Amino acid sequence: MANAYEVKSGGATSVNKEGPNAYSLPAANLPLSKRLDFSVGNSFFRNPWVQAPASTDARDGLGPLFNTNGCQNCHIKDGRGHPPEENDQHAVSMLIRLSIPAMTAEQKAAYIRDGVIPEPTYGGQLQDFAIQDQQAEGQIKITYTDHVETFSDGTTITLRKPHVQLTDLGYGPLHPDTQLSARIAPPMIGLGLLESIADDTLVQWADEHDENQDGISGKLNRVWDIEKQTHVIGRFGWKAGQPTLMQQNAAAFNGDVGLTSRLFPEENCTQAQSLCRDLPNGGSPEVSDNILDFVEFYSQHLAVPIRRNMNDPKVKQGQALFAQAGCDSCHKTDVVTAEREGLPALSGQRIHPYTDLLLHDMGEGLADHRPEYLATGREWRTAPLWGIGYTQEVNGHTYFLHDGRARNLLEAVLWHGGEALPAKQHVLTFNQQEREALVAFLNSL
């Protein structure tokens, strides 16, 4: 029999829920007295924001440039976004980050503080929507080229590499050195537990110079904490570019929905765009501290569903193969969260997130060539794997990795390179039965 504690990936917060709402429940150990706060946060996460001025003044201020009018549109059912399909007019749950290299002394100083230098005309990401009668920044088009991998038994698998095109640019050409990076929305489950892993634990896991010579050199990202006004460890985002859920949420409100808050008091227009100066806003700030607090509480307490089929022999074999290939060097399986004042449900939990929250060189194949703070253009934060087996039933697809290029879990494994190249090469030696066992294990998470 499997160890009982392993079933509960999120410790006592874990829930037993299947189907399309498997990612949308509050932590199982959240007291009834706090569930109203969770529900209020959920309402601000789920419901759309509207253009100002409006009678709904608690939710007005959308845009004028934006990617979506509500958080749930990207984090669909609190789950994973996807790249645009062939006939989609808008990307919706994918966005494109924009930046330029830091060349001057002034830019380098700004880069140290902000982690990126925004593209001068369009800012830090492309907004492909605008409020009524206004011009969006542009549209996103994704095309693919094929790449074939071959297993030792001769079986081939075709991977697809995405190429980003920005069309219908509304405010002139991009800077000639613009760096683009496509990002799909990640799942929302277990984020409060990841936030509750002690800094000391992450420092202990980090091995930037591979001093133990195991080929794995995970490193910490150090990012700007707006509230503390200093650099701290980054945890959230595909390159660990945000330090806390509060700042992650406020940044998404600003960049994705076009809303100001105390953390991001400026509208998301650049000096080259007059919309934000010329059009009404929803007040200052548009997202109140009260709303920020509720959304933070909600995002901290979304539960991870329990593991399934753990006693299946194929799943057990797959778990052994996962470890044999060295995948657990980065996808850490076991950690206890720190004690957090005012957040007892998240404190002292033994969890199994399958991430170390560290940056790793993933090779040229996955590189976006766009640095972010200490993350290079080849480095990505280890993605948590807990709950990944529920993706199909929650989101109706199995698109994985930062840009959704992988159409299934095996494709995602085979995109690994850099530090993970030995693990990938080990997987390429698996026969069909072993490949199926590995996938069965991942789907059990």
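These legends accompany close-up views of a pocket and the cavities in a predicted model.

View 1. Welcome to the open site: the second largest pocket holds about 390 Å³ of space. Here a pocket is an open set of points on a 1 Å grid over the protein atoms alone, with protein on both sides within 12 Å along at least five of seven lines, and lining residues have an atom within 4 Å of a point. Volume is the space filled by probe spheres set on the points, which are joined across faces, edges and corners. Of the 19 lining residues, Glu195, Lys228, Pro243, Thr244 and Arg340 lie nearest the centre of this pocket. Strand S8 (230–233) and helix H9 (289–300) each give two or more residues to the lining; both are DSSP runs numbered from the N terminus (helices: H or I, at least four residues; strands: E, at least two). The lining comprises nine charged, seven nonpolar and three polar residues, with Asp, Glu, Lys and Arg as charged, Ala, Val, Leu, Ile, Met, Phe, Trp, Tyr, Cys and Pro as nonpolar, and the others, Gly among them, as polar.

**View 2. The largest cavity.** A cavity is a set of grid points where a 1.4 Å probe fits but cannot get out. This one has a volume of about 70 Å³, and Leu62, Gly63, Pro64, Pro280 and Asn281 are the closest to its centre among 13 lining residues.

**View 3. The second largest cavity.** About 30 Å³ of space lies here, and the lining includes Thr13, His301 and Leu346. No charged residues take part.

**Notes.** Residues are numbered from 1 along each chain as its sequence is written, and side-chain values use heavy atoms, without hydrogens and water. Local features need pLDDT of at least 70, side-chain atom pairs count only at pLDDT 80 or more, and totals for chains, interfaces and linings use all residues.
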